[in-house]
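Let's take a friendly walk through this structure, one neighbourhood at a time. Keep the viewer open and follow along.

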Amino acid sequence: MTLTSNMRIDGDRLWDSLMEMAKIGPGVRGGNNRQTLTDEDAEGRKLFQKWCEDAGMTMGVDQMGTMFFRREGTDPDALPVYVGSHLDTQPTGGKYDGVLGVLGALEVVRTLNDLNIKTKHPIVVTNWTNEEGTRFAPAMLASGVFAGMHEQDWAYARQDHEGKNFGDELKRIGWLGEEETGARKMHAFFELHIEQGPILEAENKDIGVVTHGQGLWWLQVTLTGKDAHTGSTPMPMRRNAGLGMARITELVHEIAMSFQPNAVGAIGHCDVYPNSRNVIPGKVVFTIDFRSPDLEILDGMKARLEAEAPAIAKDLGLEIEIEATGHFDPVTFDENCVKAVRDAAERLGYSHRDIVSGAGHDACWINRVAPTSMVMCPCVDGLSHNEDEEISPEWARAGTDVLFHAVVETAEIVE
């Protein structure tokens, strides 16, 4: 038996599963609030477990709470092909970010069962814990421990805004596994995800073949001036930290624009002190997010900010501190896995283009320990991390069709 273009997943079944999972941890206007290690996360995990076991798979859970469901292959010595994403969401998240990749992976196995296809390599459907990082920073925490990027004890000690520890909450919801994190070996890993950007929809492409993932630098900047009355302090005598942030915001935009295409940068979070309508800000703390798929460019953006921002501060009579608070290098996905995705899209007749992932994903960490690639489908207006996030059933079906073919080709059909 060989892969043919008429081998397709059941799009209606996939969509029904997406809508059923979305009932757990509903948001306030149609999305989801199923943050990691909450009661809602536990409930979603139980439903996912039932579906996987109904499909004939056996479960393993590691010490970070990541769920692994195995469909056996014919060769007991062959390393498994892993496929999946995450079920946790942002506090005001959509129904598809991560979830499509997990339930699409389940649909791969369901379709194999429907077609009575056996593969040489086992296939393992995966739900990574705490990809979002919204409750316990940083993002991609469990896959980061799996790939050796973080120490597990350090991860257990991460706290949410209420001071609750990751490790304690993992125990509380009943999903602390016994399996050593990172002990599993992979033949390959595939992740399906919505694009979370506007390119595929704008270009009317069905599929994004993800060749690279952007690296990032997160920088925290603290500007210190002097609190003063807005009405009685002459303009030339002010040490306005808010003005310094404004000028550095322009600098960040200019730096990113000078490294086009693909480089991006913006000011994200900011805290202004004392944050009063009639007080000139004496202190501002804000974060900068630089990203690029090219390491030299990424480091160059950081270096230019570090060189030019102090001059802005000095000109305004401000003190400045710049601290790197997050970083990972750009990712180049495995050429054979990327080819499997591209070949699948062509075999199935879907329009496609190569694309760089602008967001971090579990696949970015797993790429460090196993051959990896990603499949992307469009999302409406590129909107994500928002309850208005939306995709069409057709987009979901196309992405999962491509995922199915890429995974099965890599797992090798047995006649």
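Start at Glu296, which sits in helix H9, residues 295-315; helices here are DSSP runs of H or I with at least four residues, strands are runs of E with at least two, and both are numbered from the N terminus. The model is a predicted one, in which local features need pLDDT of at least 70, side-chain atom pairs count only at pLDDT 80 or more, and totals for chains, interfaces and linings use all residues. Residues are numbered from 1 along each chain as its sequence is written, and side-chain values use heavy atoms, with hydrogens and water left out.

Glu296 is exposed, at a relative accessible area of 68%. The scale runs from buried (under 20% relative accessible area) through partly exposed to exposed (over 50%), with a 1.4 Å probe and protein chains only.

Now to the paired charges. The structure contains 24 salt bridges, each defined as a side-chain nitrogen of Lys or Arg within 4 Å of a carboxyl oxygen of Asp or Glu. One of them joins Arg172 to Asp39, with 2.8 Å from N to O. This pair connects distant parts of the chain, 133 residues apart: Arg172 belongs to helix H6 (residues 166-172) and Asp39 to helix H2 (residues 39-54). Arg172 is partly exposed at 45%, and Asp39 is partly exposed at 48%. Both residues also take part in a network of salt bridges that links Asp39, Arg135, Asp160, Glu169 and Arg172.

Stay in helix H2 for another pair. Arg45 and Asp41 are both in this helix, 4 residues apart, or about one turn. Their salt bridge has its closest N and O atoms 3.3 Å apart. Are these two partners buried or exposed? Arg45 is buried, with a relative accessible area of 1%, and Asp41 is buried too, at 3%. Elsewhere, Lys164 and Glu162 meet in a salt bridge of 3.3 Å, N to O; here Lys164 is partly exposed at 36% and Glu162 is exposed at 52%.

Next come the sites taken from a record. An unreviewed UniProt entry gives the feature "binding site" at Asp97, Glu132 and His385. These positions span 289 residues in sequence, yet no two of their C-alpha atoms are more than 9.5 Å apart, so they gather at one spot. The unreviewed entry also places a "binding site" at His86, Asp97 and His193. That set spans 108 residues, yet no two of its C-alpha atoms are more than 9.8 Å apart, so it too gathers at one spot. UniProt positions follow the numbering used here, feature names are shortened, and annotations may be inferred rather than shown by experiment.

His86 is placed in the loop between S3 and H3 and is buried at 0%.

Finally, look at some backbone details. Ala137 and Pro138 are joined by a cis peptide bond, with omega about 5 degrees, and Pro138 falls in the loop between strand S5 (123-127) and helix H4 (141-146). In the loop between S5 and H4 you will also find Met140. Although not a glycine, Met140 has a positive phi of about 55 degrees, and it is buried at 5%.

Another cis peptide bond runs from Tyr273 to Pro274, with omega near 0 degrees. Pro274 lies in the loop between strand S10 (264-273) and strand S11 (279-280). Gln196, a residue other than glycine, has a positive phi near 65 degrees, and its place is the loop between strand S6 (188-194) and helix H7 (199-202).
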